[in-house]
Amino acid sequence: MAQLTLSKANTIIKAALAKGTEAGMRPLSVAVLDAGGHLKAFQKQDGASMLRFEIAFGKAFGGLTIGTGSRTVEKFAKDRPHFVEGLVAASGGRVIPVAGGVLIKNAKGEILGAVGITGDTSDNDEIAAIAGIEAAGFTADGGQS
């Protein structure tokens, strides 16, 4: 069974950054978390601004907290703001409720972790995350809008 190893996490990051560069995106920062919300790997491109680690981590962490991509967390922030306020509070402020956090799943649909990307628009961050996850041989779940 496929696992989210450090090697696979680094493959995700490398492919996501390559996708960003190929698409002309602004400098990206990429965090890969395991299913328990622990950091597996992180990289920040030259020129990326401050707080990019915290934002990338928070996008991935937010998706893991409710078992779907952060696009759904963003939708909840609009439709059910009280729920997301509670989620952010319960997490100690670690949840960032915007798209760009994508779950990493195996072929059985089991959650192995999540990727959070920040630096460009949330939609482009999500595109880069999906490219990275798929390059590592996993299935991506960005959530629903």
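## Briefing: sheet, cores and helices

An open sheet of 5 strands, in the order β2-β1-β4-β3-β5 and with antiparallel pairing, is the starting point for this predicted model. Strands (E, at least two residues) and helices (H or I, at least four residues) are DSSP runs numbered from the N terminus, and two strands pair if DSSP finds at least two bridges between them. Residues are numbered from 1 along each chain as its sequence is written, and side-chain values use heavy atoms, with hydrogens and water left out. Because the model is predicted, local features need pLDDT of at least 70 and side-chain atom pairs count only at pLDDT 80 or more, whereas totals for chains, interfaces and linings use all residues.

- The antiparallel strands β3 and β4 are joined by 5 bridges, and I104 stands opposite G113 in β4.
- Helix α2 packs on the sheet, touching β1, β2, β3 and β4, and its direction makes about 145° with that of β4; such angles run from 0 to 180 degrees between N-to-C directions, and helix axes are fitted over the stretch in contact.

**The nonpolar cores**

- A nonpolar core is a set of buried Ala, Val, Leu, Ile, Met, Phe, Trp, Tyr and Cys residues joined through side-chain atoms within 4.5 Å, where buried means under 20% relative accessible area, exposed over 50% and partly exposed in between (1.4 Å probe, protein chains only).
- The largest such core has 21 residues, of which L4, I12, V32, I104, V115, I117 and F138 touch the most other members.
- Two or more residues of this core come from each of α1 (6–22), β1 (29–34), β3 (101–105), β4 (111–118) and α5 (122–135), and α1 gives the most, with 5 residues.
- A second, separate core of 10 residues includes A60, V73, L87 and A114.
- Beyond its neighbours within four places in sequence, I117 is in contact (heavy atoms within 4.5 Å) with residues including A16, V30, A56, K59, D125 and A129.

**Helices α3 and α1**

- In helix α3 (residues 70–79), the buried residues are S70, R71, T72, V73 and E74, and their cover includes α2 (52–66), α4 (81–90), β3 and α5.
- T21 lies in helix α1 and counts as exposed because its relative accessibility is 55%.
- T21 and Q45 are 24 residues apart in sequence and 10.0 Å apart in space, C-alpha to C-alpha.
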